[in-house]
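I opened a new page for this structure today. I wanted a first set of notes for a reader who has not seen it before.

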Amino acid sequence: MGHILADLLNELKAEHPSVGDVRSIGLLGCLELVRDRETKEPLAPYSGGGEVMPKIAAYLREHGVYTYVWRNLLHTNPPLCVSAAELREVMAVVNDALALADAAGVGA
């Protein structure tokens, strides 16, 4: 399942300019959200908060995805018993939530 998660994270990075980087090992994954991929300026301040990250977290919860959103990081750590279909379903919700991050990017 770790390889499937890594592939899905890389697909999200390719599609969304707000995803500065992704990393994962096994089923422990993370998306780094940025205002600008070139400068890697974080989408939220290092001290936390900001306007966009709480909106992303709320969107995910409203759509049944409970994950850890901290600073400008969105963690993707599903249960170890997750299936490939469930990973794809959850990443589809994350994909929709990233539209909020894209809208908050540089020039927005």
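The entries below go from the whole chain to one helix, then to salt bridges and cysteines.

**Entry 1: the whole chain**

I noted at the start that this is a predicted model. I then looked up the secondary structure and found three helices and five strands in the protein chain. Read from the N terminus, the order of these elements is α-β-β-β-α-β-β-α. The radius of gyration is 13 Å, close to the 13 Å that the globule rule gives for 108 residues, so I wrote the chain down as being as compact as a globular protein of that length. For the extent of the C-alpha trace along its principal axes I have about 40 × 25 × 20 Å.

**Entry 2: cover and contacts**

I asked what share of the 108 residues is buried. The figure is 39%. The chain exposes about 6,100 Å², and carbon and sulfur atoms supply 56% of that area. I also looked at contacts between residues at least 6 apart in sequence; of these, 55% join residues at least 24 apart.

**Entry 3: helix α2**

I picked helix α2, which covers residues 52-62, and listed its buried residues: Val52, Met53, Ile56, Ala57 and Leu60. Viewed down the axis of α2, these buried residues fall within an arc of 135 degrees, so they line one face of the helix. On the face turned away from that buried side I found the exposed residues Lys55 and Glu62.

Which elements do the buried residues of α2 pack against? I found strands β2 (28-36), β4 (69-70) and β5 (73-76), together with helix α3 (84-103). Just past the end of α2, I noted that glycine 64 has a positive phi of about 80 degrees.

**Entry 4: salt bridges**

How many salt bridges does a search of the whole structure find? The search gives three, and I took them one at a time.

- Lysine 13 and aspartate 21 meet through their side chains, at 3.4 Å from N to O. Lysine 13 is partly exposed at 24% relative accessibility, and aspartate 21 is partly exposed at 26%.
- Arginine 23 pairs with glutamate 32, with 3.5 Å between the closest N and O atoms. Arginine 23 is partly exposed at 40% relative accessibility, whereas glutamate 32 has a relative accessible area of 17% and is buried. I checked the cut-off here: buried means under 20%, so glutamate 32 falls in that class.
- Arginine 35 and glutamate 41 form a salt bridge at 3.9 Å, N to O. Arginine 35 is partly exposed, with a relative accessible area of 30%, and glutamate 41 is partly exposed at 37%.

The 3.9 Å between arginine 35 and glutamate 41 still counts, because the limit for a salt bridge is within 4 Å.

**Entry 5: cysteines**

I searched for disulfides and the count came to zero. I then looked up how two cysteines are placed. Is cysteine 30 buried or exposed? Cysteine 30 is buried, with a relative accessible area of 6%. Cysteine 81, in contrast, is exposed, at a relative accessible area of 70%.

Note on methods:
Residues are numbered from 1 along each chain as its sequence is written. Side-chain values use heavy atoms; hydrogens and water are left out. Buried means under 20% relative accessible area, exposed over 50%, partly exposed in between (1.4 Å probe, protein chains only). A disulfide is a pair of cysteine sulfur atoms within 2.5 Å. Helices (H or I, at least four residues) and strands (E, at least two) are DSSP runs, numbered from the N terminus. The arc is that of the directions from the helix axis to the C-beta atoms. Contact means heavy atoms within 4.5 Å. The radius of gyration is taken over C-alpha atoms; the globule rule is 2.2 Å times the number of residues to the power 0.38. Accessible areas come from the Shrake-Rupley method with a 1.4 Å probe; for residues, only the protein chains shown count as cover.
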